[in-house]
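Open the model in your viewer and keep the sequence panel beside it. This tour tells you what to select at each stop.

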Amino acid sequence: MSRKKKPRMEYRYYEVPEKCPVLVLQGEKWLQNYGYQIDYLHFHNLMEIGFCYYGEGTIVLEDEELPYHGGMFTVVPKNFPHTTNSKENSVCSWAWVFVDVEGFITELYKGNMRMAQKLIARINQKAHFVKNEERPEVAEMIKLIIKCMGEKREFYLEEVKGLTRALLMQIARWNERDEKQEKNSIVDDASIALILPALDYIGENYKEILRIEELAEVCHISETHLRRIFQESMRMTPVEYINWVRIRAACKELRKTNISVNEIAMRSGFTTISTFNRNFRRILGVSPQQWRSAPEHYERKLLNFDIKTQEGW
């Protein structure tokens with residue numbers, strides 16, 4: 001019995017420019033027919049926000065096919081299967097905003113990982129496809145980001161950072177879960193405040209050998225108290241958090257440089273390559289070499305598809 005062929009799916013990779021919170025694709029190139037009756041989906045390594053100025057067609061979000069026209073926008077989390085079709089023989093005008101949600105929010109809340117994780121999960125919770133008038137505040141911010149990135153006037157990067165932060169907070173609020181779930185996920189702010197000095201200390205010194213007694217000293221509490229508060233507030237031990245910070249730093253090096261994995265391990269604060277490899281696989285589920293060369297962090301369900309990787313459109 002022959003094996004059933006997996007449906008095709010494309011992985012499209014983009015990089016946000018350095019020191020810029022977003023990548024915006026706009027202009028004449030994006031005034032086009034986006035394809036008719038495309039029978040395969042794609043997904044990205046970044047959140048994709050699409051704004052349709054005019055045209056007609058259908059947008060496919062995973063298993064749902066919906067008609068679109070000018071005056072609508074989409075918010076699609078990273079790794080979410082989707083595609084855009086144009087009406088046969090028609091021309092559509094779209095602009096696309098890509099956001100590294102994890103990178104942006106983590107940098108914004110680098111002293112409060114719990115808050116960063118909560119926001120990232122909330123922002124990436126679901127895909128949206130709506131008319132501008134249904135969410136005018138979100139539509140306006142998207143248009144302003146596109147305009148700022150197109151004009152590039154003085155201080156535009158600072159303006160785009162502010163707009164991106166406001167936009168992501170609107171999406172997080174939009175994705176608000178039911179009240180009971182939210183209450184269960186709230187962390188005691190006082191506990192977080194108590195260990196903030198340790199979080200800052202780890203962020204500044206993760207390349208060095210760190211001891212729990214040092215972290216307790218900067219927080220002016222006992223080691224036992226620190227371990228308990230850390231576990232309750234961060235849902236991980238201090239050592240697990242230190243390794244998380246080091247692996248996050250290593251990922252940046254893996255993505256942006258050709259430095260050897262051994263050297264990156266040392267630069268990130270690991271004393272042996274075996275410890276680095278073991279923690280990398282535990283946290284990310286793949287080896288550093290696989291993470292560097294293969295599509296990153298796609299969902300388990302995407303393994304049901306024949307993934308074809310390409311850079312952008």
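Helices (H or I, at least four residues) and strands (E, at least two) are DSSP runs, numbered from the N terminus.

This is a predicted model, in which local features need pLDDT of at least 70 and side-chain atom pairs count only at pLDDT 80 or more, while totals for chains, interfaces and linings use all residues. Residues are numbered from 1 along each chain as its sequence is written, and side-chain values use heavy atoms, with hydrogens and water left out.

**Stop 1: the whole chain**

Show the chain as a cartoon. The chain holds 12 helices and 12 strands. Of its 313 residues, 46% are buried. Buried means under 20% relative accessible area, exposed over 50%, and partly exposed in between (1.4 Å probe, protein chains only). Contact means heavy atoms within 4.5 Å. Among contacts with a separation of 6 or more, 73% are between residues 24 or more positions apart.

**Stop 2: strand 10**

Select residues 92–99, which form strand 10. Eight of its eight residues are buried. Now show the side chains. C92, W94, W96 and F98 point one way. S93, A95, V97 and V99 point the other way.

**Stop 3: helix 1 on helix 2**

Select residues 101–108 (helix 1) and 113–123 (helix 2). Two packed helices are described by the angle between their axes and the distance between the axes. Axes are lines fitted to C-alpha atoms, for helices over the stretch in contact, and angles run from 0 to 180 degrees between N-to-C directions. Helix 1 and helix 2 pack at about 150°, with axes 9 Å apart. That makes helix 1 roughly antiparallel to helix 2. Angles under 35 degrees count as roughly parallel, over 145 as roughly antiparallel, 65 to 115 as roughly perpendicular and the rest as oblique.

Show side chains again. V101, E102, I105 and T106 of helix 1 meet A116, L119, I120 and I123 of helix 2. By class, this contact has six nonpolar, one polar and one charged residues. Ala, Val, Leu, Ile, Met, Phe, Trp, Tyr, Cys and Pro count as nonpolar, Asp, Glu, Lys and Arg as charged, and the others, Gly among them, as polar.

**Stop 4: what covers helix 1**

Keep helix 1 selected. V101, F104, I105 and T106 are buried. Their cover includes strand 5, strand 10, helix 2, helix 4 (156–174) and helix 9 (238–256).

Turn to helix 4. The axes of helix 1 and helix 4 come within 12 Å and cross at roughly 100°. That makes helix 1 roughly perpendicular to helix 4. V101, F104, I105 and L108 of helix 1 make the contact with K161, T164, R165, L168 and M169 of helix 4. These residues divide into six nonpolar, one polar and two charged.

**Stop 5: helix 7 on helix 8**

Finish with residues 212–219 (helix 7) and 223–234 (helix 8). They pack at about 90°, with axes 9 Å apart. Helix 7 and helix 8 are therefore roughly perpendicular to each other. Select I212, E213, L215, A216 and C219 in helix 7: they meet E223, L226 and R227 in helix 8. This contact has five nonpolar, no polar and three charged residues.
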